[in-house]
Amino acid sequence: MENLSESAKQIRDVINYIKIFKDALAVIHIDDQIIDSGLLPSLIHDIALIHQAGLKVIVAPGARKQISEILDGAKIEWKIQNGSRVAPESAMPLIKTAAFDVANTIMNHLAGENRTAVIGNWVKARAKGVLDGTDYGTAGEIDKLKIDVIKQTLDDGFIPIFPCIGWNDLGKPYNISSAELAQQIACGLKAQKLFYILPDPKISKNEFSLPDSVHLSDGGNIPAMNLAEAEEILRMNGDCKTEANEHRAQILSLLRLAKDACKKGVDRVHILNGNVDGILPCEIFSGIGSGTMVYNNGYGDLRAMQPQDIPSVLSLMNPFVQKGILLERTAKQLKADLDSYIVYNVDEGIHACAALKVYQESGASSEATQAEICAVAVDPAYGNMGVGPKIVNYLLDKARAQKIKSVFVMTTQTADFFEKLGFAPDSIDSIPPERKKLWNPERGSKVYRMKF
């Protein structure tokens, strides 16, 4: 029955997200190592599926590996400096060939999925020029995108593919960064989602200095971070352009792009593990995923529970009731205590809940009032995103605002969680008589308290 409930939850998520993201825009950057792997056909199949589901899609594939190979084969010298390829003018025809070969590979795979993709000249670029004495030659910077043409192409049902080439006003081509191109496309078209898909993009404490505020997954990776956390990580880990470790440099560069994209209006940026089959639809249509999400401050909100939320809250609580973590509650009870509950809402779905129940002992002054935080339930898919502490701290602030002197919780299996938040063990006799009457000695719930 538990597996059936989980399957039902996943199906509800898919239906909800299909509704939410219909006509939304997803810009997808595919790292060249993924393009050269056996997982590319599966990834293209997933891109075709999300396009069929109603999302608009743009693909900006990387071609660094392919360009390197064709230049090496022609014995043309080149180097990477400050993240850009420095090559002579004679290399440009070969760079164009490699970039368009990659774009054609993506287009042909999409054609095999009955999706019509087009490769266009939508990027105006300018020469990077000479910087600090280095002539960057064929390297260019993005100057302008033909936004209206791109929008029309999307509205016509096509999937635009952007090779890592831009042209100046005279038609001269330049090699541009595909990762930066994806970001600028997402910003220019106000995309809801920007995806960077690359092999095993871990952001863990083993490789990076991380602020205490971030929450890690069981595997030690950061599943999500807000803009402030992204900025702090970048500050703590230095400049990606001077980073010697290639993996660290790539991750820091993508974090910088992600942070800037969110500041410019992109809702969410996902740095995904392209070695995981099916990662793209799982990230879009459910809470299951891999890699890291960078989000602006509009992601997720805590609000008062509404009557229409009650079925979702009961469904959220049910697995915790089955495990003996929560007491069972009915829809009638939730409706009666509606004003006590808050929920954590993401994409019109309820992914956490909790309640603050205030007790006033008979004859006591308002200063003697104590309150209980109860019915704390967090969707496991959001368990490593700091939602639990966020919802408890919200209720603690609410209690302080009401001049409540202390808040207690009663728990059988989550003592460690509350102790980490600052709660300390207390006696069962410390709780209000009204609440003690409901205490079941056989259940053995322990009391933890925070005093203000």
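Colleague: Which way do strands S19 and S20 run, and how many bridges join them?
Modeller: They run antiparallel, and seven bridges join S19 (residues 349-359) to S20 (residues 370-378). Strands pair if DSSP finds at least two bridges between them. Strands (E, at least two residues) and helices (H or I, at least four) are DSSP runs, numbered from the N terminus.

Colleague: What is the bridge partner of Leu-356?
Modeller: Ile-373, in S20.

Colleague: Before we go on, what should I know about the model and numbering?
Modeller: It's a predicted model, where local features need pLDDT of at least 70, side-chain atom pairs count only at pLDDT 80 or more, and totals for chains, interfaces and linings use all residues. Residues are numbered from 1 along each chain as its sequence is written, and side-chain values use heavy atoms, with hydrogens and water left out.

Colleague: OK, back to the sheet. What order do the seven strands take?
Modeller: S17-S18-S19-S20-S21-S23-S22, as an open sheet with mixed pairing. S17 (301-304) and S22 (424-426) are at the edges with a single partner strand each, so one side of each has no neighbour in the sheet. From one strand to the next, the twist averages 30 degrees.

Colleague: Which strands does helix H11 touch?
Modeller: H11 (residues 310-322) packs on the sheet against S18 (341-346), S19 and S20. Contact here means heavy atoms within 4.5 Å. The direction of H11 makes about 85 degrees with that of S19. Axes are lines fitted to C-alpha atoms, for helices over the stretch in contact, and angles run from 0 to 180 degrees between N-to-C directions.

Colleague: And what does H13 lie across?
Modeller: H13 (residues 387-401) lies across S17, S18, S19, S20, S21 (406-411) and S23 (446-451), at about 30 degrees to S19. Its buried residues include Val-387, Ile-391, Leu-395 and Ala-399. Buried means under 20% relative accessible area, exposed over 50%, and partly exposed in between (1.4 Å probe, protein chains only). After H13 comes Lys-403, with a positive phi near 60 degrees.

Colleague: Switching topic: what covers the buried residues of H9?
Modeller: The cover includes helices H7 (178-188) and H8 (227-237), plus strands S13 (193-198), S14 (224-226), S15 (268-273) and S16 (292-295). Among the buried residues of H9 are Ile-251, Leu-254, Leu-257 and Cys-262.

Colleague: What's at the start of H9, and what comes just after?
Modeller: At the start, a side-chain oxygen of Asn-245 comes to within 3.0 Å of the backbone nitrogen of His-247. Just after H9, Gly-265 has a positive phi of about 115 degrees.

Colleague: At what angle do H7 and H9 pack?
Modeller: About 10 degrees, with the axes 10 Å apart. That makes H7 roughly parallel to H9 (angles under 35 degrees count as roughly parallel, over 145 as roughly antiparallel, 65 to 115 as roughly perpendicular and the rest as oblique). On the H7 side the contact is made by Ala-179, Glu-180, Gln-183 and Cys-187, and on the H9 side by Leu-254, Arg-256, Leu-257, Asp-260 and Ala-261.

Colleague: What does Glu-180 touch?
Modeller: Ile-142, Arg-256 and Leu-257, not counting residues up to four places away in sequence. Glu-180 is partly exposed, with a relative accessible area of 33%.

Colleague: Last one: is Asn-273 buried or exposed?
Modeller: Asn-273 counts as buried, at 10% relative accessibility, and its place is in S15.

How values were computed:
A polar contact is a pair of N or O atoms within 3.5 Å; within protein, one must be able to donate a hydrogen and the other to accept it, and residues adjacent in sequence count only if both atoms are side-chain atoms.
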